[in-house]
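Dear colleague,

Please find below the structure that I am handing over to you.

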There are 2 protein chains.
Amino acid sequence: MSKSDLEIAQECVLEPIEKVAAKIGIPADSLELYGKYKAKLSFDYIKELENRSMGKLVLVTAINPTKAGEGKSTTTVGLGDALNQIGKKTMMALREPSLGPVFGLKGGAAGGGYAQVVPMEDINLHFTGDMHAITTANNLVCAMIDNHIHQGNELNIDPEKITFKRCLDMNDRTLRDITIGQGSKANGVERKDGFNITVASEVMAALCLADDLMDLKRRFGEMLVAYTYNDEPVYIKDLKCEGAMAMVMKDAILPNIVQTLEHNPVLIHGGPFANIAHGCNSVIATKASLHLADYTVTEAGFGADLGAEKFLDIKCRLAHLHPNAVVIVATVRALKQHGGVAFEDLKEENVDALLKGCENLAKHIDTIQQFGLPYVIAINQFVSDTDREIEALENWCQGHGHPMSLSTVWANGGKGAIDLAEKVVALCEKENHYAPLYDVDKTIEEKIETIAKKVYGADGVQFTPEAKEQIEIFNKNGWGKLPICMAKTQMSLSDDGSIMGRPQGFTITVRELRPSLGAGFIVALTGKVLTMPGLPKHPSALDMDIDENGKIKGLF
Amino acid sequence: MSKSDLEIAQECVLEPIEKVAAKIGIPADSLELYGKYKAKLSFDYIKELENRSMGKLVLVTAINPTKAGEGKSTTTVGLGDALNQIGKKTMMALREPSLGPVFGLKGGAAGGGYAQVVPMEDINLHFTGDMHAITTANNLVCAMIDNHIHQGNELNIDPEKITFKRCLDMNDRTLRDITIGQGSKANGVERKDGFNITVASEVMAALCLADDLMDLKRRFGEMLVAYTYNDEPVYIKDLKCEGAMAMVMKDAILPNIVQTLEHNPVLIHGGPFANIAHGCNSVIATKASLHLADYTVTEAGFGADLGAEKFLDIKCRLAHLHPNAVVIVATVRALKQHGGVAFEDLKEENVDALLKGCENLAKHIDTIQQFGLPYVIAINQFVSDTDREIEALENWCQGHGHPMSLSTVWANGGKGAIDLAEKVVALCEKENHYAPLYDVDKTIEEKIETIAKKVYGADGVQFTPEAKEQIEIFNKNGWGKLPICMAKTQMSLSDDGSIMGRPQGFTITVRELRPSLGAGFIVALTGKVLTMPGLPKHPSALDMDIDENGKIKGLF
């Protein structure tokens, strides 16, 4: 029986985090320790780094995944370890996992197999408290809104037009739609409300795009919370609590450093939703890594149609980052699914389906090419992949002139990606012509159409009457010049999760727009996005335990 | 203009926490650092300490306070510093402040003036994440309950009889009474619910009374969450998530070490409500301190009628602790209030009112005597106290044979309590005959009557029909042999907060009982207890800020 991720992680003899940090040149006194194996880079050190030159930036993205995920984080960690193995001073910049979903279906998330980040238990539980700080900052705003209304409502806020929701880092479906302020008058004004999961909070998105603490405070101030009875927007700065929020976030803004199973340094910081937000780790961590390492390997949520597009159109644009290479992760399993195989049958060999499914990969390659970036395909190998399938895939790549590498990091750690690492280094030597796909000064409609046509391969975009009305309001309020954050199913290039492969002759329907003014983008929703998950019939929490020696089980 | 607590705290040049810990004999490798000035005692070290002998235990309690509080924490910190000054190896064991109220009226809470614990900002914000862990463990239970019902309700839970509420560490009145599970069926079953503030969660009370992690897990399992449609109790162990909860609490169970302004070691760990819970810091921290120090100074919430009674009848009984001396804090201000002066006029000299108010002090002394413990009165001096008032108070104490000491720790730190420290040392040399006031095997009614008569000075207790019915149910379910945790106004010895002094000829009305089976007590409510505070008209959050150097203002 193969070992679980938790078992592999628990077998690792961790190095003191000071020693890991020293490898990348971070002095011990620039660390704020959280136990022996976790630390934050200090406030002063982050400032000090700002003047240094930057290393190479490598993005790991993927094709449209199966519901099991294609191993982007695992590949990112394995590639980072491999780059270190071939003598390149490399750090990884990853997203923080959310605690809520850990109790649900999936257990922990910090890579997998022999390409993991440790201490796995801590990273998946409270880590250094960043999520809790976000929950607090978010809910402070909500308490201030309802208190403001209760205390006389000087700002004339319409309780039916409050857009800023409460949040909790828990999978708790019953909190999606609630009524608050019931009972006596002393309990405040009754109104409809709801909770998001913490990672869906705009506070998280703003944290991940902020340059520093003062910029984060400014972003908090810009956030829309409600409209008045006269439909004038009300911002957090009107409630005057952006200072308290920034205070609450004073530690959460500092990147966390941990290690891979091979004791290489990793920054894990920030993890916004990849649909209603941009799905990338923090700009602060990415920049710190670029200042410290010669190579920074980072990831973006879901497939290239969502994660890479937002990384390149939102994060890199706003943070003035220039990526050097893109790794597109694909699996035989997902390609077969795109070729028409049902999820249950993905373990069976099917070369024809695999080759048909390559059209999905081809579209994502096309997208990366449109951004002007060099790429390599990383095939994340599973034990169920057959030699014939791998060979067919290699032939397809070769036939189409796509650079490709077989990655076995799950089973072998860094040495499973030596070839990939060498190919990535070669790509980084090339000059590239990266540019975002659209000009932010275009209209909201034009920007969305550009993404839909160029990235999804759609014929066009339909806007519902509600969406059209919102666009009008946004333009009136001066919010029209922001980049677009698309919320779309990750399962398909289209906005219908059941359409596999490379759909043709379809349109995208934009149903709703939401202004994330503190994060600095407009969210365009193409369907219903669940911002508060639920627990399954048999939650993972049932199998979790800890013994008298503090040893955890069931976190996977 | 006098300096604020925050300004005084920010002027302190803190010592590295390893150095502070070394003073009390804690080796550096037994600390889990949280930055440079906060740490947790390690899991293994806590176990190792268990076999050591124990030092002296000093409880700091108070008379019924004014709404501004009488400086119990300040006196505790100052006394601890003073004991260190006179060469006694002393550690303080304090409660953790709650974050929510910091945004409301009171700002931070870790002592005051020159008798404070630092780093004040961190202690009052996220500290080491204990509150957040409690919030998570609590809300995991709630998500599991509602998920259980949604997924088929095998346990036959009646959604109208769920007793375990959600929680958040925020002053948010609109969450007191809510309806959850609204909207589509996918959002779970609609029902009434509400949030407590985190410190009011039974998870907090259980943490504070647990012997170790396994005992905490057992306590989680025992917690009542609901009744079935047939009125059978449903416990957390029926939901099978006590293991996951214990996992979530693996770090939160470890005591936190910080320092006073005079660089003496302080354990701050756990802070349950002092009405619906027992209002004392954790047993684990108190025991760790007793194993490490020759003198441990600790505190209990509100006045001696609530805090000391619960410390002595619940905490010391369950944890087999034997206290050595009690310090009863009084202020000229509070005594004058008990003598009939309105809160607004407390700054004016009024010797007659002061002497009349001493009857409140006399009752608390009587209570401590009934517990068989030696005591000293500590007068916590305020700048508004006049010489004539102080002299009158000294004469009163002398006339009645009560040992007394004037404490100026707010203005002078430890040197303001040298006399008090010496008196406390002398008291600790005496043998004492401490015993809890009642036998747990008595009936619920008898136990409550004992407390009401002996501690409050009531003539008797009335039980509402609802309370009587609950007692019957509790007895039927086998919960009758637990100690009692009284929930009563802290402002008065009676259950009417407006009755000052030493009320006579009154009865206490018990309106409701709540089983805190994981904590291990039955809560008896004598009035409406607010377990979720609200924000005031001008919340402190409005004045809070942080600058580009990370310096905080407005935390008080």
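A polar contact is taken here as a pair of N or O atoms within 3.5 Å. At the start of helix 7 of chain B, a side-chain oxygen of B:Ser201 comes to within 3.0 Å of the backbone nitrogen of B:Val203. Please bear in mind throughout that this is a predicted model.

As to confidence, chain A has an average pLDDT of 96, and 99% of the residues score at least 70. For the complex, the predictor gives an ipTM of 0.96 and a pTM of 0.97.

To remain with helix 7 of chain B, 8 of its 8 residues are buried, and the helix is mostly covered. Among these buried residues are B:Glu202, B:Met204 and B:Cys208.

Helix 8 of chain B, residues 213-222, is largely enclosed by the rest of the structure, because 7 of its 10 residues are buried, that is, under 20% relative accessible area. The buried residues include B:Leu213, B:Leu216 and B:Phe220, and also the charged B:Asp215, B:Lys217 and B:Arg219. What lies over them? The cover includes strand 25 of chain A, together with helix 3, helix 7, strand 13, helix 9 and helix 10 of chain B.

I turn now to the interface of the two chains. The contact draws on 73 residues from chain A and 73 residues from chain B. Between them, the chains bury about 6,300 Å², of which 60% is on carbon and sulfur atoms. On the side of chain A, A:Thr174, A:Met247 and A:Ile546 lose the most area to chain B, and together they account for 10% of what that side buries.

Several elements of chain A each supply at least two residues to the side that touches chain B, including strand 1, helix 3, helix 8 and strand 25. Helix 6 of chain A provides the largest share of that side, 10 residues. By class, the side of chain A that touches chain B comprises 35 nonpolar, 19 polar and 19 charged residues.

With kind regards

How values were computed: Residues are numbered from 1 along each chain as its sequence is written. Chains are lettered from A and ligands numbered from 1 in the order in which they are written. This is a predicted model: local features need pLDDT of at least 70, side-chain atom pairs count only at pLDDT 80 or more; totals for chains, interfaces and linings use all residues. Side-chain values use heavy atoms; hydrogens and water are left out. Contact means heavy atoms within 4.5 Å. Buried area is the accessible area (1.4 Å probe) that two parts lose on being put together, summed over both. Helices (H or I, at least four residues) and strands (E, at least two) are DSSP runs, numbered from the N terminus. pLDDT is the predictor's confidence in each residue, from 0 to 100. Buried means under 20% relative accessible area, exposed over 50%, partly exposed in between (1.4 Å probe, protein chains only). A polar contact is a pair of N or O atoms within 3.5 Å; within protein, one must be able to donate a hydrogen and the other to accept it, and residues adjacent in sequence count only if both atoms are side-chain atoms.
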